[in-house]
Amino acid sequence: MGLISLLWGVVAMVWMVIALIPLLGWGNWFLIPFATIGAIIAAIGIAVTRSENRGRAKAGLVLNGIVIIVGIVRLSLGGGII
């Protein structure tokens, strides 16, 4: 679960960088739910994994959380469209 959430977070981060380009901000409408699913997968990974093996799941949760926050800020700055 940890590796899946980490890879999910990396894909979301690349998508976020692309969505930061002007006139591609509409991609954030799809990015935020995508990263939310990744965060849920990471939370499940943290819940079911032993404490010494939670590193990847925690990294995935942090990465997806950053993507969600940046996506929300980007949408609020652009009025939800740009």
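## Burial of Ser5

A residue counts as buried when its relative accessible area is under 20%. In this predicted model, Ser5 has a relative accessible area of 0%, so Ser5 is buried.

Ser5 lies in helix α1, which covers residues 2-19. A polar atom of the Ser5 side chain sits 2.9 Å from the backbone oxygen of Gly2. Leaving aside residues up to four places away in sequence, Ser5 touches Gly38, Ile41, Ala42, Arg56, Ala57, Gly60 and Asn64. Among these partners, Gly38, Ile41 and Ala42 fall within helix α2, residues 28-48.

## Fold of the chain

The chain has 3 helices and 0 strands, and its elements run α-α-α from the N terminus on. The C-alpha trace spans about 45 × 15 × 15 Å along its principal axes.

Of contacts between residues at least 6 apart in sequence, 73% join residues at least 24 apart.

## Surface and burial overall

Of the 82 residues, 34% count as buried, and Ser5 is one of the buried residues. The accessible surface of the chain comes to about 4,900 Å². Carbon and sulfur atoms account for 81% of that surface.

## Confidence

The mean pLDDT of the chain is 90, and 98% of the residues score at least 70. Among the elements, helix α1 has the lowest mean pLDDT, 92, while helix α2 has the highest, 94. Ser5 belongs to helix α1. Where pLDDT is low, the predicted coordinates should not be read in detail.

Conventions. Residues numbered from 1 in each chain as written. Predicted model: local features only at pLDDT ≥ 70, side-chain atom pairs only at ≥ 80, totals over all residues. Heavy atoms only, no water. pLDDT = per-residue confidence, 0-100. Helix = DSSP H or I, 4+ residues; strand = E, 2+ residues; numbered from the N terminus. Buried < 20%, exposed > 50% of the residue type's maximum accessible area, 1.4 Å probe, protein only. Polar contact = N/O pair within 3.5 Å; in protein donor to acceptor, adjacent residues only side chain to side chain. Contact = heavy atoms within 4.5 Å. Areas by Shrake-Rupley, 256 points an atom, 1.4 Å probe, with all protein chains shown as cover.
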